[in-house]
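Hi,

Here is the structure I promised to pass on. Have a look at it first, and then read my notes below.

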Amino acid sequence: YNCSLLQFQEQFDISIWNSEKAQPTSKRVDKIVHFLTYKVYRYMNRGLFERDKMMFKLVVTMKIMVTGNQLTGGDVSMFLKAGSALDVKVERQNPFQRWMDVKVWLNLLQLSRHAAGVDQMLFFREIIDFIQRNEQSWRNWFDEEAPEAAPVPDYEERLEMERTLGPFLRLALVRCMREDRTGVACGQFIERFLDSRFTAPVTDAITDIFDESSPRKPVLYLLSAGSDPTLSIDELAKKAKKFPTDKVSMGEGQEKVAREKNNNAFLTGGWVILQNSHLGIGYMCELEDVLLKTPEIHEDFRLWITCEITPRFPIGLLQICIKVTLEPPAGLKAGIFRTYSTMVTQELLDKIDHEKWRTLVYVQSFMHSIVQERRKFGPIGWCIPYEYNNSDLDACLQFLDRHLSVTVALGLPVSWITVQYMVADVQYGGR
């Protein structure tokens, strides 16, 4: 995840050129800041693994609020630690043992003592008294499926009136009482404070990544189980008239081959893909100097690197690369959005003149997203843990394409038994 000051300066320059022009100067500065915040978020987001994306957005949001004197470092610390520092033996006994465990009780005690914001306001000072007086309402809120969206007993009006601190205090309460809903509450908090663009599903198309790359700025794909960008790179290479690409699968003895391929491509302007570069760290250490010190490199040359996470990857090369992860995004909507923005093209949708074709493509994409979303449960319900990826979807779409083409040519009805068997039993069930 390491980035350099130079990479930030690039984003800063782009923001000055591309942000909306305005008068007076203060308004212009605001426009640049808003544009740059989103630009940096998108730049970093595409190189983060799914598990870290929400954390990154939350850190950025809170840092902005602390810098703007809307929150203090103590507020952030309370949100992160809650009541973990309190000793249950020293504190008073939990009166709500029937429905509230010890951890939540200690969190509440800490929340009731916390002085929030720059004004050091003891907002939740009476929360324990309120719960004792109005226990049924609080228990109902505690048992809500989505407490972050439900009115908070005794506090709702005050939270609504607190324009600046209100959203954070609501988030802190959810974190202290219903830790399982903190992720969803964080999304709402970020959307409220920054913008809905920061929580909407985004997918960076390979064409956008290519436009940003340059002969001395390679693209580094951080691999997760079952992901392989080679197919996407080759598709782009065909459109850019750079196919076939030179591929080197790194490993013992392959450094010499990689060196030759790169040196040739420097002159011809070809594209080189170095696969599994974690197995060729020696050459990776050499590559930064080669890219920066070679005097003449053809302007069409592009280098694509795929690598698993390794602490041995040279930091200098890491800081000149455009980093991209290939994990399926979290959420069904985001999954389908990604499929339609990366794999399902207009060309594919127009390929077969049959009333069922587009519906089949959509249902196949929908099923693929559901199967990918199930990975959060681990191997439950499946034989083995398996990361379903784009090659599974691609194989199914190719089968559907061939099956419908033959069906249309011979004037036969669609054989649903065949479709179901090939997709559900063989391709997905076969895992």
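Let's start with a term you'll meet all the way through: a residue is buried if its relative accessible area is under 20%, exposed if it is over 50%, and partly exposed in between, using a 1.4 Å probe and protein chains only. E286, for example, counts as partly exposed because its relative accessibility is 29%.

Two notes on the model before the rest. It is a predicted one, so local features need pLDDT of at least 70 and side-chain atom pairs count only at pLDDT 80 or more, while totals for chains, interfaces and linings use all residues. Residues are numbered from 1 along each chain as its sequence is written, and side-chain values use heavy atoms, with hydrogens and water left out.

**The whole protein**

The protein has 20 helices and five strands. Both are DSSP runs numbered from the N terminus: helices are H or I with at least four residues, strands are E with at least two. The C-alpha atoms fill a box of roughly 75 × 60 × 50 Å along the principal axes. Of the 431 residues, 45% count as buried. A contact means heavy atoms within 4.5 Å. Take the contacts between residues at least 6 apart in sequence: 70% of them join residues at least 24 apart. The accessible surface is about 23,300 Å², and 55% of that belongs to carbon and sulfur atoms. Those areas come from the Shrake-Rupley method with a 1.4 Å probe, and for residues only the protein chains shown count as cover.

**Helix α13**

Now find helix α13, residues 255-268. The expected span of a helix is 1.5 Å times one less than its number of residues. For the 14 residues of α13 that gives 20 Å, and the end C-alpha atoms are 20 Å apart, so the two agree.

Which residues of α13 are buried? They are A258, N262, A265 and F266. These four cover an arc of only 110 degrees around the axis, which puts them on the same side of α13.

On the face turned away from the buried side you'll see the exposed residues K256, L267 and T268. Just after the helix, G269 takes a positive phi of about 80 degrees.

**Salt bridges**

A salt bridge here is a side-chain nitrogen of Lys or Arg within 4 Å of a carboxyl oxygen of Asp or Glu. The whole structure has 25 of them.

One is between R259 and E286, at 2.8 Å from N to O. R259 sits in α13 and E286 in α14, 27 residues apart, so this pair links distant parts of the chain. R259 is partly exposed, at 30% relative accessibility.

Another joins E10 and K217, at 3.1 Å from N to O. E10 is in helix α1 and K217 in the loop between α11 and β1 (219-222), 207 residues apart. E10 counts as partly exposed at 28%, whereas K217 counts as buried at 18%.

**Helix α2**

Helix α2 (residues 25-45) has 21 residues and reaches 30 Å from its first C-alpha to its last, close to the 30 Å expected. Its buried residues include R28, I32, L36 and Y38. The buried residues of α2 pack against α1 (5-18), α3 (50-67) and α11 (206-212).

K39 also lies in α2, and it is partly exposed at 23%. Leaving out residues up to four places away in sequence, K39 touches Q11, I14 and S15.

**A patch on the surface**

Finally, look for L332, Y362, V363, F366 and I370, which form a nonpolar surface patch with about 390 Å² of accessible area together. Patches are made of residues with over 30% relative accessible area and no salt bridge; like charges are joined within 9 Å, and nonpolar side chains (Val, Leu, Ile, Met, Phe, Trp, Tyr) within 5 Å. Helix α18 (residues 357-373) gives the largest share, four residues. V363 is in α18, and counts as partly exposed at 47%.

Note on methods. Arc of directions from axis to C-beta.
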